[in-house]
Amino acid sequence: MKGLEALRGIDLAKCEVVADGKSKTIYKLDDTTGFMVYKPHLRSVTYSRIGMIPGTDMYRLYATMAILKTLEENYVPTHLAYDKIVNIDGKYGILVHLTKAIPIEWITRYYAAGSIVRLFPGYVVEGQKFNNPLHKYDIKIDVSKTGGVDDPTMNESYIIGLGLLNKNQFDEAEDLLVWVSKRVNNLFKDAGIKLIDMKVEFGFYNGDIIVIDEISQDCVRANDMSTGKTLTKDAFRQMKSDEEVLAIYKKFLEMIYPDYESLLEKNI
């Protein structure tokens, strides 16, 4: 982009859509810049719940901006192209560098929760802390195309053997996963939040692997240290009401970035 003034007058209906999923849309603004807009969509395959909760999209936008800004300040490369949320053509979103996405979800587990407890009974128990964080790699394929399996799990051999990454690229992504996880965990600890597990995504930008997509209430499992109560998407999985989920998403945001409204650009 040539400056914020270039955002005025953009008609998103005339922009190419480079990605459009259940939870977000990315519009192409020019050859290098995209505009990432969230949708208030929540889904839990395990608990067979799908919903639209207006407001969760904005709280996710704010949380993603806060976390990605923190990563950038700690020398972690991300796809942020501007450090505030902007409004284009009536939609709020984040300006991002256009990248070639790696179709893998990179997961770090600090404590046992969710699928690892269900899949490995006798080896892990709910809430168990791992001496070293566990890493998991899921390929991004919709459940409708896999016979009921959502985002099947892979390993290093599969990722390299199927040509998704070469060995050097896998090692680079793995190192980045460790660095990102540590930085997010530190941010949460300082805010009084216990990070249980988290998901990040990576992409190629100018030949380098960087953090892309979102890191928000939908992508982490985290609890309030003082109460033990969830602050993230587990509230939706626990069948809490829409109003309760929205309030929990807001509380998470207020804890990690109390001045979150300052993340909104007001000069456009």
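Student: Where does Ala-63 lie?

Tutor: Ala-63 sits in helix H1, residues 56-73. The model is a predicted one.

Student: Why is Ala-63 called buried?

Tutor: Its relative accessibility is 0%. Buried means under 20%. Ala-63 therefore counts as buried.

Student: What does Ala-63 touch, leaving out residues up to four places away in sequence?

Tutor: Ala-63 touches Ile-215, Ser-216, Gln-217, Phe-252, Leu-253 and Ile-256. Contact here means heavy atoms within 4.5 Å.

Student: How far apart are Ala-63 and Ile-102?

Tutor: They are 39 residues apart in sequence. In space, the C-alpha atoms of Ala-63 and Ile-102 are 22 Å apart.

Student: Now Asp-224. Is it buried or exposed, and how do you know?

Tutor: Asp-224 belongs to strand E14. Its relative accessible area is 5%. The cut-off for buried is under 20%, so Asp-224 is buried.

Student: What makes the pairing of the Asp-224 and Lys-251 side chains a polar contact?

Tutor: The distance between the two side chains is 3.1 Å. The limit for a pair of N or O atoms is within 3.5 Å. The Asp-224 and Lys-251 pair counts as a polar contact. Lys-251 is also among the residues Asp-224 touches, with Gly-192, Lys-229, Leu-231 and Met-255, not counting residues up to four places away in sequence.

Student: How do you know that the span of H4 is close to the expected one?

Tutor: Helix H4, residues 167-190, has 24 residues. From first C-alpha to last, H4 reaches 35 Å. At 1.5 Å a residue, 34 Å is expected, and the two values are close.

Student: What happens at the start of H4?

Tutor: A side-chain oxygen of Asn-166 comes to within 3.1 Å of the backbone nitrogen of Asn-168.

Student: Which residues of H4 are buried?

Tutor: Among them are Phe-170, Ala-173, Glu-174, Leu-177, Arg-183, Val-184 and Phe-188. In an α-helix, residues three or four places apart point the same way, because there are 3.6 residues a turn.

Student: Last, the second largest pocket. What lines it?

Tutor: The lining has 19 residues, and Ala-113, Gly-114, Glu-126, Arg-221 and Asp-234 lie nearest the centre of the pocket. Elements giving two or more residues to that lining are helix H2, strand E12, strand E14 and helix H5.

Student: How does that lining divide by class?

Tutor: It has 6 nonpolar, 6 polar and 7 charged residues. The pocket holds about 330 Å³ of space.

Definitions and conventions
Residues numbered from 1 in each chain as written. Predicted model: local features only at pLDDT ≥ 70, side-chain atom pairs only at ≥ 80, totals over all residues. Heavy atoms only, no water. 1 Å grid on protein atoms, 1.4 Å probe; cavity = no way out; pocket = protein on both sides within 12 Å on 5 of 7 lines; lining within 4 Å. Points joined across faces, edges and corners; volume = space filled by probe spheres on them. Helix = DSSP H or I, 4+ residues; strand = E, 2+ residues; numbered from the N terminus. Nonpolar A, V, L, I, M, F, W, Y, C, P; charged D, E, K, R; others polar. Buried < 20%, exposed > 50% of the residue type's maximum accessible area, 1.4 Å probe, protein only. Expected span 1.5 Å × (residues − 1). Polar contact = N/O pair within 3.5 Å; in protein donor to acceptor, adjacent residues only side chain to side chain.
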